[in-house]
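Student: I have a structure open and would like to go through it with you. Can we take it piece by piece?
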Amino acid sequence: MTNGRRSLIRWLLGGGIFSSIASFLYPVTRFIMPPNVPEAAVNEVVAGKVQMLQPNAAAIVKFGNKPVLLIRASETEWKALTAVCTHLNCTVQYKDDTHQIWCACHNGFYDLGGKVLSGPPPKPLEEFVVRIRGDEVVITRGA
Amino acid sequence: MATPAPGWFDERLGLSSIRKFVAHKTVPSHSGTMWYYFGGITLFLFVIQVVTGVLLLLYYRPTTSEAFESVQFIMTRVKFGWLIRSVHSWSANLMILAAFVHMFSVVFLHAYRRPREMAWFSGIGLLALAMAFGFSGYLLPWNTISYFATKVGTDMAASVPMIGPYMARFLRGGEDVGGATLTRFFGFHVAVLPGITTLLLLMHLGLVQRFGISSPPKLEGKRIAQMPFFPNFFLRELMAWYAALALLGVLAAIFPWELGEKADPFASAPAGIRPEWYFLAPFYTLKLIPSHIWVLEGELVGFAGFALLAAFWATLPLWATDRDGMLRARRVTGAGILLLAYYSTFSILGYWR
Ligand code: FES
């Protein structure tokens, strides 16, 4: 009788302590994970005027809250690719001497179509569509 | 009557037992004794970190619009601000260096042996915390280099299968490195990490106290000369602290820590980007790993490799003896030399390339 009572009490005490700790930890673990803030879906941005870039030059433009690398390869040829390196998230740049895209972080190279040429990046850069509307450069997602 | 004041305190604080304890404490004295100073040097530099860190807190502001400017303000307007910040940065680096020396001396003197395994484990924990301090503190000035280093570092966490994306979100406080990351890293750097470090440090020092200082196995069975801890060892340690302080002062004054340029999330990563020197070896390794190894992504292979290496190293006391408890001294020394060789050559390559 006393033994059964003792184990019941021990069980209640242990269970009580355990569940109170769990009830503290649950809100804390949920608290430290940041809430999902849905980003406004952007499908098209006006990057600027045609004159903003000389041929064989490039700039980073904002596409929503993501950087996009806009390249004016020649007088008429424009390219836009995500500027986020597929390796570990650095922001890539255009190399005007070799006409390639370069990531300084671990020496990754891509061609102007986003294909990996050398270095550690595992995937190609996503390409965007560039159109010239009047004298404005418009970038849209997906082909 | 004896002096009344010490008696009064003694009764209330138990000073004489402390005095008696200190009087009996000794340190083995042999050709390797100089290596015993490095744990103390690490501790000393940690205290400097706490003091200068608290001072920097008086002016620093952890937001993307103000962090860089507030550090700039500290360095240009606040009296001796450049010195305090420079000392904080240099001392952080020297502290990690001293911790490395301490760790390798423990390996080569085989001081991790039974019953000191827990001291080794807590020491590894402290080293990991020191690196977490370094990684989180690196971002706080919100300059370009630190911004991209944090992007790469947190993205490495994301490459872990299953839990990786959660870890990255937890670290960044959102999808990408930004203001939320800065606030978080600030919280880690000035509250979470110091708290955990203090506990672990007390444990580490308590264990050193409990088991005393180990002497190398080759001297085992021989009579080893002992030097009293107080004042002999203590005064020598004090001189070591002065030496560390002198080095720190020279470095901080002659090579003030640079601030660089303010981070811009819409700018390309500049050439010459690199992390703090103690992350250079993994950084350079990442550069060499091709995009795919067999069917796996290179970064995943790299990350798994580092994790395995860290686990192997952290559990050193467990594989350092054979089943009969005999020390495999050769194997441990060899592993130590290999790790040291990999770490230093890759760090140098990572720096120059
Ligand atoms: S992040 Fe671009 S190559 Fe590593």
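Student: How many disulfides are there over all chains?

Tutor: The count comes to one disulfide over all chains. Keep in mind that this is a predicted model.

Student: Which cysteines form the disulfide, and how far apart are their sulfur atoms?

Tutor: A:C90 and A:C105 form it, with sulfur atoms 1.9 Å apart. The angle about the S-S bond is -80°, and the link of A:C90 and A:C105 is left-handed.

Student: Which parts does the pair tie together?

Tutor: A:C90 sits in the loop between β4 and β5 (93-95) of chain A, and A:C105 in the loop between β6 (100-103) and β7 (108-110) of chain A, so the link ties together parts that are 15 residues apart in sequence.

Student: Is A:C90 buried or exposed? And what about A:C105, buried or exposed?

Tutor: A:C90 counts as buried because its relative accessibility is 1%, and the cut-off for buried is under 20%. A:C105 is buried as well, at 2%.

Student: What about A:C85 and A:C103?

Tutor: A:C85 has 5% relative accessibility and therefore counts as buried. A:C103 is also buried, with a relative accessible area of 2%.

Student: Now the sheet. What is the order of its six strands?

Tutor: The order is β1-β10-β9-β4-β3-β2 in chain A, an open sheet with antiparallel pairing. β1 (44-49) and β2 (57-63) of chain A are the edge strands, each pairing on one side only. From one strand to the next, the twist averages 30°.

Student: How many residues of β4(A) are buried?

Tutor: Five of the five are buried, so β4(A) is largely enclosed by the rest of the structure. In a regular strand, side chains alternate between the two faces of the sheet. Both faces of β4(A) are covered: on one side A:W78, A:A80 and A:T82 are buried, and on the other A:K79 and A:L81.

Student: Staying in chain A, where is A:V116?

Tutor: A:V116 is in strand β8 (residues 116-118) of chain A. Its relative accessibility is 25%, so A:V116 counts as partly exposed.

Student: What is A:V116 in contact with, leaving aside its neighbours within four places in sequence?

Tutor: With those neighbours left aside, A:V116 is in contact with A:F109, A:Y110, A:P121, A:K123 and A:P124. As for A:W102, A:V116 is 14 residues from it in sequence and 9.9 Å from it in space, C-alpha to C-alpha.

Student: Change of topic. How many residues has the largest nonpolar core?

Tutor: It has 94 residues, and those with the most contacts inside it are A:V92, A:I101, B:L45, B:F100, B:W120, B:W313 and B:L316. Helix α5 (residues 81-108) of chain B gives the largest share of this core, twelve residues.

Student: Is B:S122 buried or exposed?

Tutor: B:S122 counts as buried because its relative accessibility is 3%. B:S122 is in helix α6 (residues 117-139) of chain B. Beyond residues up to four places away in sequence, B:S122 touches B:L200, B:M203, B:H204 and B:L207.

Student: Last one: at what angle do α8 and α9 of chain B pack?

Tutor: Helix α8 (residues 164-172) and helix α9 (residues 179-211) of chain B pack at about 85°, with axes 7 Å apart. That angle makes α8(B) roughly perpendicular to α9(B).

Student: Which residues meet there?

Tutor: From α8(B), B:R169, B:F170, B:L171 and B:R172 meet B:A180, B:T181, B:R184, B:F185 and B:F188 in α9(B).

Note on methods: Residues numbered from 1 in each chain as written. Chains lettered and ligands numbered in written order. Predicted model: local features only at pLDDT ≥ 70, side-chain atom pairs only at ≥ 80, totals over all residues. Heavy atoms only, no water. Pairing = 2+ DSSP bridges. Helix = DSSP H or I, 4+ residues; strand = E, 2+ residues; numbered from the N terminus. Axes fitted to C-alpha atoms, helices over the stretch in contact; angles between N-to-C directions. Disulfide = S-S within 2.5 Å. Buried < 20%, exposed > 50% of the residue type's maximum accessible area, 1.4 Å probe, protein only. Contact = heavy atoms within 4.5 Å. Core = buried A, V, L, I, M, F, W, Y, C linked by side-chain atoms within 4.5 Å. Parallel < 35°, antiparallel > 145°, perpendicular 65-115°, else oblique.
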